[in-house]
Amino acid sequence: MALPVLSAERLSAAYSYPAYRQLINELLAQGLTTGPNQSEALTHYGRLNVQRMERIDKTVQVLPELLVAAQELARPYVWLVLTEGWCGDAAQIVPTLEAVAQASQGQLATRYLLRDENLDLMDRYLTNGGRAIPKLIMLDAVTLEEVAQWGPRPAPAQALFLELKGQGLSHEAYAEQVHAWYAKDKTRTTQAELLALIRQLG
């Protein structure tokens with residue numbers, strides 16, 4: 001028998017999207033970012049990511065077919081997202097997840113947990129043995145059982161990331177190319193994969 005991924009109490013203590021964004025902004029005002037590791041580089045990434053999220057918040061348009069599929073879900077679900085403020089991929093993807101949920105007319109609700117404060121959960125959703133984020137865990141809203149998962153990147157971005165990392169490129173070098181991919185894609189592939197995820201539920 002499937003078990004809840006987490007308790008209702010733990011879920012209720014997770015961040016809403018506005019609270020997640022507020023946390024990041026408050027930390028950046030102190031020269032900090034989320035998580036236990038702090039450095040000027042991570043804070044720099046955090047500031048860049050706020051700009052990315054603000055841009056996507058303003059420009060993302062939910063695909064019509066995804067809009068319909070989300071609104072026609074047979075029952076409500078929770079999109080539980082493991083993320084961090086310094087993560088560039090999360091900055092590209094989290095606003096898209098939120099936009100889809102907001103357009104679902106209550107069929108999808110989002111909750112956000114910081115990866116490094118929830119390693120027991122993160123370590124159940126590793127990618128190639130690593131704690132890659134963002135990670136979307138789709139839960140039945142009543143039972144909190146997992147019904148699907150997605151992440152940390154759309155398939156083409158993940159393939160590009162693995163290829164560039166395999167070439168021995170520095171973090172800055174491969175991150176630049178991956179972010180260029182996101183900019184060109186304009187959330188379309190992420191949305192297409194989310195649509196496939198929703199359609200699997202029948």
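The model is predicted, so local features need pLDDT of at least 70 and side-chain atom pairs count only at pLDDT 80 or more, while totals for chains, interfaces and linings use all residues. Residues are numbered from 1 along each chain as its sequence is written, and side-chain values use heavy atoms, with hydrogens and water left out.

Helix α5 covers residues 88–102; helices (H or I, at least four residues) and strands (E, at least two) are DSSP runs numbered from the N terminus. From first to last C-alpha, α5 reaches 22 Å, close to the 21 Å expected, a span defined as 1.5 Å times one less than the number of residues. Of its 15 residues, 14 are buried (under 20% relative accessible area; exposed is over 50%, partly exposed in between; 1.4 Å probe, protein chains only).

The whole structure holds four aromatic pairs, counted where ring centres of Phe, Tyr or Trp (its six-membered ring) lie within 6.5 Å; planes under 30 degrees apart are stacked, over 60 edge-to-face, and the rest tilted. Tyr20 and Tyr112 are stacked because their ring centres are 5.6 Å apart and their planes meet at 15°. Since Tyr20 belongs to helix α2 and Tyr112 to strand β2, this pair ties together parts 92 residues apart in sequence. Tyr20 is buried at 1% relative accessible area, and Tyr112 is buried at 0%. Ring pairs also link Tyr17 with these two tyrosines, Tyr20 and Tyr112, into a cluster.

Phe161 and Tyr174 form an edge-to-face pair, 5.3 Å between centres and 80° between planes. Phe161 lies in helix α7 and Tyr174 in helix α8.
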